[in-house]
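Subject: Model handover

Hello,

The model we discussed is placed below, and my notes on it follow. Please read them with the coordinates open.

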Amino acid sequence: MAEHNFPPLKNDRILKAARGEPVDRVPVWVMRQAGRYLPEFQSVRARNDFFTVCQNPALACQVTLQPIKRFDLDASIIFSDILVIPQAMGLKVEMVAGVGPVLPEPLAGPDDLARLVQPNVEEALKYVGDAITLTRHQLDGKVPLIGFSGAPWTLMGYMIQGGGSSTMAKARSWLYKYPEDSHKLLRMITDVIVDYLVMQVKAGAQLLQVFESNGDYLDDALFANYSFHYLKQISERVRARLKEASIAPVPMIVFPKGATMNSLKILAEDQGYEVIGLDWTIDAVEARRQLGPNITLQGNMDPCAMYSREDEIVDRARKMVSNFGKSRYIANLGHGILPDTPIASMEAFIKGVHSA
């Protein structure tokens with residue numbers, strides 16, 4: 001990315017931790033750190049539709065920087081949404097107040113796969129690349145910038161359910177009723193994700209995270225067949241494409257929310273991702289023991305623990321670091337920060353991590 005002339009990086013803790021190198025203190029960032037718990041974000045959203053913010057590089061950059069200006073974080077993550085991929089593939093996505101994302105015309109059956117397009121990602125999602133490049137310059141090297149995508153199974157779930165779901169029954173039923181068409185859809189999504197992540201690195205992303213947010217709906221067999229199979233493809237193909245383009249590889253994080261320990265072990269043994277993100281249900285000591293010494297772990301405080309007293313949050317964060325150990329560890333919550341989380345709780349969480 002020499003052509004971008006980015007400012008030199010001043011804080012590379014998260015990159016070192018991802019690669020297993022020593023750090024002076026444990027790096028910390030928080031999923032959804034640019035979001036509704038910040039009054040300055042609410043101010044931007046009061047004037048702009050959600051996807052307008054995503055699609056306007058200046059606004060996406062502005063909200064990406066908001067938590068970096070306010071907190072002593074060790075990474076930024078570009079403001080976007082995992083559902084920009086279904087949008088680029090031809091599905092309408094709306095953000096409905098009080099409901100969340102809604103796809104009014106979901107995929108009802110295999111015949112609907114014909115409605116999908118394989119987009120030119122560099123054109124269809126150029127606004128994300130532009131936001132990344134702008135943000136890298138605006139960060140002035142303060143911390144690294146993370147790019148991201150939803151994982152194929154997670155995006156498939158939204159595309160079939162038409163939004164979030166407590167059961168993912170429609171999407172899971174496809175895996176049994178239409179296994180071949182399920183794989184066809186997952187291959188289509190995977191192709192777009194690979195192009196998208198490569199584009200993000202070319203634009204300036206210094207790490208990549210793949211969100212398998214619906215991992216908890218798959219047992220070990222389904223996870224291996226319909227999630228891991230494609231997560232592995234993504235890591236291998238992104239690295240190969242970057243190598244072909246003579247671009248240095250970047251660390252990759254996978255966050256399989258709700259995955260069983262057996263499924264996590266499959267990911268750890270494959271070593272396709274330098275970092276595995278853990279949700280709040282996973283025991284830190286057990287994860288470290290079972291996943292081995294050659295993988296960096298990320299996570300995993302319960303987002304609801306952020307409603308504790310500030311001194312308790314500091315203590316919890318310190319204990320979390322102690323349980324994971326300071327080597328090969330990135331502190332985070334076990335899922336995204338909740339919209340009504342007090343600002344003081346975020347400050348206490350970071351203080352607890354950095355003082356551990």
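Two strands count as paired if DSSP finds at least two bridges between them.

Before going further, the conventions: this is a predicted model, in which local features need pLDDT of at least 70 and side-chain atom pairs count only at pLDDT 80 or more, while totals for chains, interfaces and linings use all residues. Residues are numbered from 1 along each chain as its sequence is written, and side-chain values use heavy atoms, with hydrogens and water left out.

The sheet

Strand β4 (residues 145–150) is also joined to β5 by five bridges, and the two run parallel. In that pairing I146 stands opposite L207 of β5, and F148 stands opposite Q209 of β5.

Six of the six residues of β5 (residues 207–212) are buried, so the strand is largely enclosed by the rest of the structure. Buried means under 20% relative accessible area, exposed means over 50%, and partly exposed is in between (1.4 Å probe, protein chains only). In a regular strand the side chains alternate between the two faces of the sheet. In β5, L207, Q209 and F211 point one way, while L208, V210 and E212 point the other way, and all are buried.

The strands belong to an open sheet of seven, in the order β1-β4-β5-β6-β7-β8-β9, with parallel pairing. β1 (76–77) and β9 (329–333) stand at the edges with a single partner strand each, so one side of each has no neighbour in the sheet. Helix α11 (residues 220–244) packs on the sheet and touches β5 and β6; its direction makes about 165° with that of β6. Contact means heavy atoms within 4.5 Å. Axes are lines fitted to C-alpha atoms, for helices over the stretch in contact, and angles run from 0 to 180 degrees between N-to-C directions.

L333 and W29 are 304 residues apart in sequence, and their C-alpha atoms are 8.3 Å apart in space. Leaving out residues up to four places away in sequence, L333 touches V30, M31, L278, G299, N300, M301, P303, M306 and F349. Of these, G299 and N300 are joined by a cis peptide bond, with omega about -10°. N300 lies in strand β8 (residues 296–301).

Helix pairs

Two packed helices are described by the angle between their axes and the distance between the axes.

α8 and helix α10 (residues 179–203) pack at about 115°, with axes 9 Å apart. Their crossing is right-handed; a crossing is right-handed if the near helix is turned clockwise from the far one by less than a right angle, and left-handed if anticlockwise. From α8 the contact takes P152, W153, L155, M156, M159 and I160, and from α10 it takes S182, L185, L186, I189, T190 and I193. By class these are ten nonpolar, two polar and no charged residues. Ala, Val, Leu, Ile, Met, Phe, Trp, Tyr, Cys and Pro count as nonpolar, Asp, Glu, Lys and Arg as charged, and the others, Gly among them, as polar.

Helix α12 (residues 261–270) and helix α13 (residues 284–291) pack at about 45°, with axes 10 Å apart. The crossing of α12 and α13 is right-handed. M261, L264, K265 and A268 of α12 meet E286, A287, Q290 and L291 of α13. That contact has five nonpolar, one polar and two charged residues.

Single residues

- M168 has phi near 55°, a positive value in a residue other than glycine. M168 sits in the loop between α8 (152–161) and α9 (169–177), and is buried at 1% relative accessible area.
- Q271, also not a glycine, has a positive phi near 60°. Q271 is in the loop between α12 and β7 (275–277).
- Q66 is in helix α4 (residues 57–70) and is buried, with a relative accessible area of 7%. Q66 touches L38, E40, F41 and V44, not counting residues up to four places away in sequence.

Regards

Technical notes. Helices (H or I, at least four residues) and strands (E, at least two) are DSSP runs, numbered from the N terminus.
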